[in-house]
Amino acid sequence: MSKQTKIPLEETRKKIWLVDSKGLIVSHRKESLQHFKKPWAHEHEPCTTLIDAVKAIKPTVLIGTSGQGKTFTKEVVEAMASFNKKPLIMALSNPTSQAECTAEEAYNWSEGRAVFASGSPFDPVKYNNQLYIPGQANNAYIFPGLGLGLVMSGAIRMHDEMLLAASEALACQVTQEHYDKGMTFPPFSNIRTISANIAAKVAAKAYDLGLATHLPRPEDLVKFAESCMYSPNYHIYR
């Protein structure tokens with residue numbers, strides 16, 4: 001957010017609110033908070049439940065990573081849909097039984113308007129004669145390409161900008177056609193192409209930052225990434 005808007009990190013951080021087991025993380029709780037929560041403690045009245053926090057903050061995106069199943073209740077999703085035309089609901093906890101809500105619940109409770117992603121896979125959902133394909137927010141999208149980019153460039157260290165480059169490379173591969181189907185990620189069936197493009201962007205960032213040791217820099221990093229990938233094709237012997 002900071003990079004795209006040119007707004008200082010401290011300001012963009014105020015757009016993100018966290019909820020833990022005791023409710024909304026706010027500044028008056030700072031003394032009792034663990035150190036990694038303190039940067040996210042903003043000025044606000046206490047909210048002890050998720051639904052209270054959602055109604056007060058009116059977020060556009062709801063991300064669940066607590067491992068507590070069924071926390072995105074009907075009331076929570078309906079509230080998100082009441083002030084968002086397209087609420088983004090990301091129920092990322094695994095396994096499926098611990099997901100904050102199911103894809104079907106997200107679509108039904110938002111009247112088919114939710115953009116949904118989950119940590120575990122969910123089957124496509126039909127709502128009002130339209131087929132929705134739930135996105136799977138799985139680290140398998142990022143880590144293979146990220147690792148390949150580091151290896152093929154001979155990067156001597158990992159940098160935050162490389163991880164951001166990987167994220168941006170993934171986002172760039174989502175098309176309008178995917179969005180129209182409710183997808184937040186490109187089809188996993190294209191993972192080799194996706195990974196090659198991510199690897200190329202990560203490697204490019206390593207070269208730009210002066211952290212790459214495999215010199216000279218290849219002219220076409222995507223083709224170089226593809227040439228470095230293992231293809232499990234075997235000859236047939238009689």
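Is G149 buried or exposed? In this predicted model, G149 is buried, because its relative accessible area is 0%, under the 20% cut-off. The residue belongs to helix 6, which covers residues 143–153. Apart from residues up to four places away in sequence, G149 touches A199, V202 and A203. The C-alpha atoms of G149 and A203 are separated by 4.6 Å, although these two residues stand 54 residues apart along the chain.

The next element to consider is helix 9, residues 191–208. It has 18 residues, which at 1.5 Å a residue should span 26 Å; the end C-alpha atoms are 25 Å apart, so the length agrees with the expectation. Of those 18 residues, 13 are buried, and helix 9 is therefore largely enclosed by the rest of the structure. After helix 9 comes G210, which has a positive phi, near 75°. Further on, the loop between helix 9 and helix 10 (221–228) holds P216. The peptide bond that joins L215 and P216 is cis, with omega about 0°.

Four strands form an open sheet in the order 3-4-5-8, with parallel pairing. Its edge strands are strand 3 (61–64) and strand 8 (135–136), each of which pairs on one side only. Strands of a sheet pair through backbone hydrogen bonds, and the pairing may be parallel or antiparallel. Strand 4 and strand 5 (residues 115–118) run parallel and are joined by 4 bridges. Across this pair, L88 stands opposite V115 in strand 5.

S93 is buried, since its relative accessible area of 5% falls under 20%. Which residues surround S93, leaving aside its neighbours within four places in sequence? S93 is in contact with G64, T65, S66, G67, Q68, Q98, A99 and E100. Two of these residues also take part in polar arrangements with S93. The side chain of S93 makes a polar contact with the side chain of E100, at 2.5 Å.

N94 and P95 are joined by a cis peptide bond, with omega about -10°. P95 is located in the loop between strand 4 and helix 5. Most peptide bonds are trans, and most residues other than glycine have a negative phi.

K58, found in the loop between helix 3 (50–57) and strand 3, is not a glycine, yet has a positive phi of about 55°. K58 counts as partly exposed because its relative accessible area, 48%, lies between the limits of 20% and 50%. E111 occupies the loop between helix 5 and strand 5. This residue is likewise not a glycine, and its phi is positive, about 60°. E111 counts as exposed, because its relative accessibility of 54% is over 50%.

Definitions and conventions:
Residues are numbered from 1 along each chain as its sequence is written. This is a predicted model: local features need pLDDT of at least 70, side-chain atom pairs count only at pLDDT 80 or more; totals for chains, interfaces and linings use all residues. Side-chain values use heavy atoms; hydrogens and water are left out. Buried means under 20% relative accessible area, exposed over 50%, partly exposed in between (1.4 Å probe, protein chains only). A polar contact is a pair of N or O atoms within 3.5 Å; within protein, one must be able to donate a hydrogen and the other to accept it, and residues adjacent in sequence count only if both atoms are side-chain atoms. Contact means heavy atoms within 4.5 Å. Two strands pair if DSSP finds at least two bridges between them. Helices (H or I, at least four residues) and strands (E, at least two) are DSSP runs, numbered from the N terminus. The expected span of a helix is 1.5 Å times one less than its number of residues.
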